[in-house]
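Q: Hi! Could you walk me through this one while I have it open?
A: Happy to, here it is.
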Amino acid sequence: MNLIYSSLLRNASLPRRMLFVSVLLIAVAFITLLVWQTGGIKYVYSHTMYIPIVLAGTLLGYRGGLLIALVGGVALGPWMPINTSTLEMQEPLNWMFRTCAFAAVGLLAGFSSDIGRRYVAHLRVIARRDPISKLPNRKALLEQLAKHMAQEDYRTQRRTPFLVTCNIDNSMALRSAFGFEVIDTIIKTYADNLTQLQQYSLEVYRTHATQLAVLVDDVGMSDIERLMQDCLTTITETVRYGGLNIYVSRHLSGVRLDASEQDPNETLKHAEIAIARANEKLTDSFIYTPEVGENISKQLALMAEVSNAIENNQLLMYYQPKVDLKSQQVIGAEALIRWHHPERGWIRPDEFIPDAEHSTLILRISEFVLRAVIQQVQQWQQQGITIPISINVTGHDLLQPGFSQMMFELLEEFQVDGSAIELEITEGTLIQDIDEVVSELLRLTRAKITVSIDDFGTGYSSLQYLYRLPISLLKIDQLFVKHLPEDQGASHICAAAVALAQKMGIKALAEGVETQQNLDYLVELGCDYGQGYFFSKPLSADAFAAWYHHRETQYEQPLG
């Protein structure tokens, strides 16, 4: 506490320091009077003089301690008698020795205070500096943001600071290839480059091992895009290290400080949200808006409820039929997950599945789907519905240890043959460890489970992968089918997909068939199967069973 008071006093104005010196001198005078009134220097009251001396040394340093010590020594010196009753005076050696003792205590307190103060100042510096790059750190940035937010011109929006954050996304790969020092080198290079932007009043911070932040003092709304572009140009994707040009995957976020925000931590949270959105959208930079933050918060809250949804039977399976385009016979159905939230009602799969795919939640959802569908297949087979049901799976599923074994155990548990199940995988799955994916699919097909490629034409197509996969069907994405036959580009893609399937000796299925024109054109192309609202929307299990029996009665004979 003394060190804190000392620091405060040293940073105080001169009038305040003089006031404190005056208080100490008054204390010396009071103690002198106390010694006189209690009988003189021979009694112990003279030792109370150490109190203002120690206080002076602690709060004013060694000079203040020495000053008050000398004043106190003189005050209790040659004119103060040993005993006021007899007025017997002190020997000179006596009061001189006492004055020296006072001076030693004052100097000791002062030097101790100075050393402690310098050490505290050093701690303050290193607490606000990155030890390697010597840049101000996250704590320093938070303090600077707090200062901005406390200023009147910030609250009145006469000055609008702007925060730019840069994150190195491939840091793990860089460390694996070049060691931990490579990240420090990149950070230093980026920081040096940013300080060259002399057209802006800015300070660079290292807020994380792989992250830099740039606080620009004042940026107009019209200058934000130019600032972000200048930062992108300065923070290049190629950095020189060890005689090599290395690639750095970096994303930038931008956050404009406004008067509605008074918490520095919230500002940094907004920067992290914008970084995540830049990654998600595969863009170099992204500028935060309140709408984005609100959506992210809602999405995270929704993700927190997925586990409860599984446990409380809020997730349901719906089924959309697949139809032979020539005979109009139902040849299968696709299982589609739905979420009926007790408060929000029906939640679309695209509101929670994409985020779940970036976490282990997708594995729990997939396990729920597999069990629910295989059990439903068993029940339908008892009702005379013997069509195969397709299930969407992800790369997370196929690469999860024990996935195929779980499939086999579920099939055995419900006494369902593998031929009644079809797995649909998207093209994006094909670029994730292709050898392991192929191995897992071959293991599944040996149990008669069929495999199809979903959303063909929208992902990362590679024919060298397709011929290796044990697939039996290509599904043409509804993005192209809905615009048939008017859209020439979509027509060419659909024709190419059908021709590819025929060449590979497999079937082609068109998703999103909604009109008679869609259907007629697909039949003309030679597409085998179709799926879409033209035939039926996704139905609950009971509704699908009723629809199926009615359809089978209606189309007992193939249509010519």
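A: One term to begin with: helices (H or I, at least four residues) and strands (E, at least two) are DSSP runs, numbered from the N terminus. With that, Asn-313 lies in the loop between α12 (306-311) and β8 (315-324).

Q: Before we go on, what kind of model is it, and how are residues numbered?
A: It is a predicted model, where local features need pLDDT of at least 70 and side-chain atom pairs count only at pLDDT 80 or more, while totals for chains, interfaces and linings use all residues. Residues are numbered from 1 along each chain as its sequence is written, and side-chain values use heavy atoms, with hydrogens and water left out.

Q: Thanks. Back to Asn-313: what is its phi?
A: Near 60 degrees, a positive value in a residue other than glycine.

Q: Is Asn-313 buried or exposed?
A: Asn-313 counts as exposed, at 60% relative accessibility. The classes are buried under 20% relative accessible area, exposed over 50%, and partly exposed in between (1.4 Å probe, protein chains only).

Q: And what about Leu-87?
A: Leu-87 has a positive phi too, near 55 degrees. Leu-87 is in the loop between α3 (50-75) and α4, and counts as exposed at 52% relative accessibility.

Q: New topic: how many cavities of 30 Å³ or more are there?
A: The count comes to 1 cavity. On a 1 Å grid over the protein atoms alone, a cavity is a set of points where a 1.4 Å probe fits but cannot get out, and lining residues have an atom within 4 Å of a point. Points are joined across faces, edges and corners, and a volume is the space filled by probe spheres set on the points. The largest cavity has a volume of about 50 Å³.

Q: Which residues line the largest cavity?
A: Arg-138, Leu-141, Leu-163, Thr-165, Thr-207, Gln-211, Ala-213, Leu-268, Ala-271 and Glu-272. The elements giving two or more residues to that lining are α5 (138-150), β1 (162-168), β3 (211-216) and α10 (264-281).

Q: Which element gives the largest share of that lining?
A: α10, with 3 residues.

Q: Tell me about α10, then. How many residues does it have?
A: α10 has 18 residues and reaches 26 Å from its first C-alpha to its last, close to the 26 Å expected at 1.5 Å a residue. That expected span is 1.5 Å times one less than the number of residues. Its buried residues include Leu-268, Ala-271 and Arg-277.

Q: What caps its N-terminal end?
A: Asp-263 does: a side-chain oxygen lies 3.0 Å from the backbone nitrogen of Asn-265. After α10 comes Leu-282, with a positive phi near 55 degrees.

Q: Which side chains does the Gln-211 side chain make polar contacts with?
A: It makes a polar contact with the side chain of Asn-167 (3.2 Å) and another with that of Glu-272 (3.2 Å). A polar contact is a pair of N or O atoms within 3.5 Å; within protein, one must be able to donate a hydrogen and the other to accept it, and residues adjacent in sequence count only if both atoms are side-chain atoms.

Q: Last one: what is the peptide bond from Leu-484 to Pro-485 like, cis or trans?
A: That bond is cis, with omega near -5 degrees. Pro-485 lies in the loop between α19 (478-481) and α20 (488-504).

Key: 1 Å grid on protein atoms, 1.4 Å probe; cavity = no way out; pocket = protein on both sides within 12 Å on 5 of 7 lines; lining within 4 Å.
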